[in-house]
Amino acid sequence: MGEREALPIIIKGLKRLEYRGYDSAGVALLDKEGLSIYKKKGKVSELENHLAKFGDLGSKIGIGHTRWATHGEPNDVNAHPHYSSNEKFAMIHNGIIENYDVLKTDLIKKGYEFRSETDSEVFIKFIEDVYVNNYCSLEEAVRLALHKVVGAYAIVIMNLEEPDTLIAARKGSPLVIGVGEDEYFLASDATPIIEYTNQVVYLDDYEIAVIRNNKLQIKTIENVETNPYINQLEMELEAIEKGGYEHFMLKEINEQPRSIADCMRGRLDAKNGRLVLGGLRDYLNKFQNAERIIITACGTSWHAGLVAEYLFEEFARIPVEVEYASEFRYRNPVISEKDFVIAISQSGETADTLAAIELAKSKGATIFGVCNVVGSSIARATHAGSYTHAGPEIGVASTKAFTAQISVLAMMALKLGYQRGTISEARYMHLLAELETIPSKVERALKLNDKIKEIAWEYKDSRNFLYLGRGYNFPVALEGALKLKEISYIHAEGYPAAEMKHGPIALIDQEMPVVFIATKDSSYEKVVSNIQEVKARKGRIIAVVTEGDTTVKHMADHTIEIPETEEAFVPLLSVIPLQQLSYHIAVMRGCNVDQPRNLAKSVTVE
Ligand code: G6P
């Protein structure tokens with residue numbers, strides 16, 4: 001809100017935020033008709049076409065939403081914003097209201113009617129009910145209502161009767177307020193804000209922000225006023241634009257030499273044997289003396305966690321457990337103050353990871369975050385952490401965040417190993433020097449793009465894929481399979497190569513492409529035997545090998561040669577061709593690579 005036309009800013013902002021969810025989109029404006037809501041199933045572009053029918057919709061204030069459906073199918077009615085019954089309030093909501101059923105039953109008894117199947121409509125009507133019954137201001141009604149609502153939310157409400165006011169609140173779902181000159185912007189993350197201002201306030205859980213007459217006031221839900229802390233954003237606008245690439249995913253794949261270098265910049269100085277991770281400084285002692293490291297994450301970040309398990313155990317000799325955050329949080333896990341918990345998350349907003357952190361914290365463990373998004377909820381919920389500095393990742397399928405996560409985790413493992421004396425000085429120095437060469441080796445690996453495109457063409461119509469690897473390459477096999485299924489909708493499974501004979505081998509015939517990650521490492525010979533087993537059953541073999549390999553070349557249908565490196569750093573290179581393969585197959589199949597169906601970049605619900 002401010003002096004400018006709100007609609008173009010909202011539409012542009014929704015497009016920037018579309019990667020977070022794209023089932024439907026909508027806006028509420030104070031136009032000549034009053035408080036009007038326009039919404040449409042599908043992408044923001046569908047909403048734009050719909051809005052074009054209405055001519056001038058002048059409004060200096062407005063709210064908009066792009067949805068990832070939780071309650072109720074993606075359609076026009078379930079799209080946000082939602083009205084109150086009297087149509088004086090309009091609200092957008094991210095998150096899930098867990099007690100919506102109880103609230104809804106109660107409201108129905110009182111005569112409220114519902115148009116949609118969403119928990120969000122229940123939410124605004126519940127606020128309306130509190131407002132009506134307490135004869136109070138909307139701000140007060142929001143505050144009172146939030147005491148009764150169970151679940152996660154980031155909300156923004158407009159009120160027909162207060163045309164100069166926006167009320168926002170959060171718990172569990174992110175909300176950023178951009179502070180411009182005489183104007184304010186609210187969003188789930190900073191991407192739609194940075195072109196207008198680099199000054200932002202991150203709203204905290206249980207805080208309510210009221211922007212009235214171009215003044216921002218923040219209070220807790222206990223009605224205690226807090227001083228908004230203004231952060232300076234360091235993000236550049238180019239970082240969130242495609243920059244000439246056809247898709248964000250392709251841009252992000254190609255950015256990896258730089259993003260990995262950015263992640264190591266100022267931290268790794270191989271010549272002088274220095275490794276500085278600022279976030280770790282105060283917790284190094286705890287980390288060093290931890291009895292166990294527990295890593296918790298979801299999706300691709302969980303795969304980075306699996307790589308880290310090998311890294312920490314090899315270099316620091318501390319036992320590691322890697323946990324899906326969603327399982328960990330509901331398992332009554334055994335955790336103590338002696339555990340060091342690492343939470344990995346690109347977005348820093350994944351609800352399950354956040355909940356796992358809270359659980360581990362309540363048991364006294366030290367929590368260290370490895371996040372990409374600066375100022376995100378996970379970054380703030382952890383005791384300390386290291387940012388991955390990969391820059392904004394917009395493509396829903398994670399690529400550069402994965403390699404940056406592994407880079408941070410590798411630096412942590414080396415630091416820890418050195419401190420604990422579990423790796424020798426010479427080995428430490430050698431590993432640091434090798435790590436420093438990774439960005440240029442990734443650059444070389446990226447040059448295989450044309451060859452991978454040819455392979456993609458040959459296999460684009462396959463119905464299944466198997467990805468096999470051992471040791472450090474086992475998590476890479478999982479990640480390769482995940483990339484393919486996410487964006488091309490081809491069924492793919494990742495397996496430890498040796499496990500193939502305990503089941504997946506039954507699937508192998510001439511129709512089954514099998515991607516082997518068979519780099520020259522300690523399990524190379526064994527993987528070669530696995531390749532032979534697949535070949536004997538006429539499976540089609542695509543092998544990622546180390547440059548100069550001749551053995552596998554004679555056995556495989558296709559080989560992709562990546563530069564040689566230390567075994568522990570191979571995932572940083574071997575994942576690159578797998579990202580490219582899935583990208584090209586998805587493009588050839590006509591899939592929406594950046595916004596695959598049913599997925600969202602940031603999963604802020606359980
Ligand atoms: C979603 C995304 C994945 C991501 C996962 C975990 O499923 O689509 O790409 O790996 O969430 O997200 P996080 O932000 O915690 O790394």
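A backbone N or O atom of Thr 300 lies 2.9 Å from an oxygen atom of the ligand, a polar contact in the sense of a pair of N or O atoms within 3.5 Å. Taken alone, the ligand exposes 380 Å², of which the protein buries 90%; accessible areas come from the Shrake-Rupley method with a 1.4 Å probe.

The model is predicted, with local features requiring pLDDT of at least 70 and side-chain atom pairs pLDDT 80 or more, whereas totals for chains, interfaces and linings use all residues. Residues are numbered from 1 along each chain as its sequence is written, and side-chain values use heavy atoms, without hydrogens and water.

The ligand is surrounded by 14 residues, the closest being Ser 301, Ser 345, Gln 346, Ser 347 and Thr 350; a residue belongs to this shell if one of its heavy atoms lies within 4 Å. By class, the shell divides into four nonpolar, eight polar and two charged residues, with Asp, Glu, Lys and Arg counted as charged, Ala, Val, Leu, Ile, Met, Phe, Trp, Tyr, Cys and Pro as nonpolar, and the others, Gly among them, as polar. Helix H9 (residues 299-316) supplies the largest share of the shell, three residues; helices are DSSP runs of H or I with at least four residues, and strands are runs of E with at least two, numbered from the N terminus.

Helix H9 also packs against helix H16 (residues 473-488): their axes come within 9 Å and cross at roughly 170°. That makes H9 roughly antiparallel to H16, the term for angles over 145 degrees; axes are lines fitted to C-alpha atoms over the stretch in contact, with angles from 0 to 180 degrees between N-to-C directions. Among the residues that meet are Trp 302, His 303 and Leu 306 of H9 and Phe 474, Leu 478 and Glu 479 of H16, where contact means heavy atoms within 4.5 Å. This contact has eight nonpolar, three polar and two charged residues.

Definitions and conventions:
A polar contact is a pair of N or O atoms within 3.5 Å; within protein, one must be able to donate a hydrogen and the other to accept it, and residues adjacent in sequence count only if both atoms are side-chain atoms. Angles under 35 degrees count as roughly parallel, over 145 as roughly antiparallel, 65 to 115 as roughly perpendicular and the rest as oblique.
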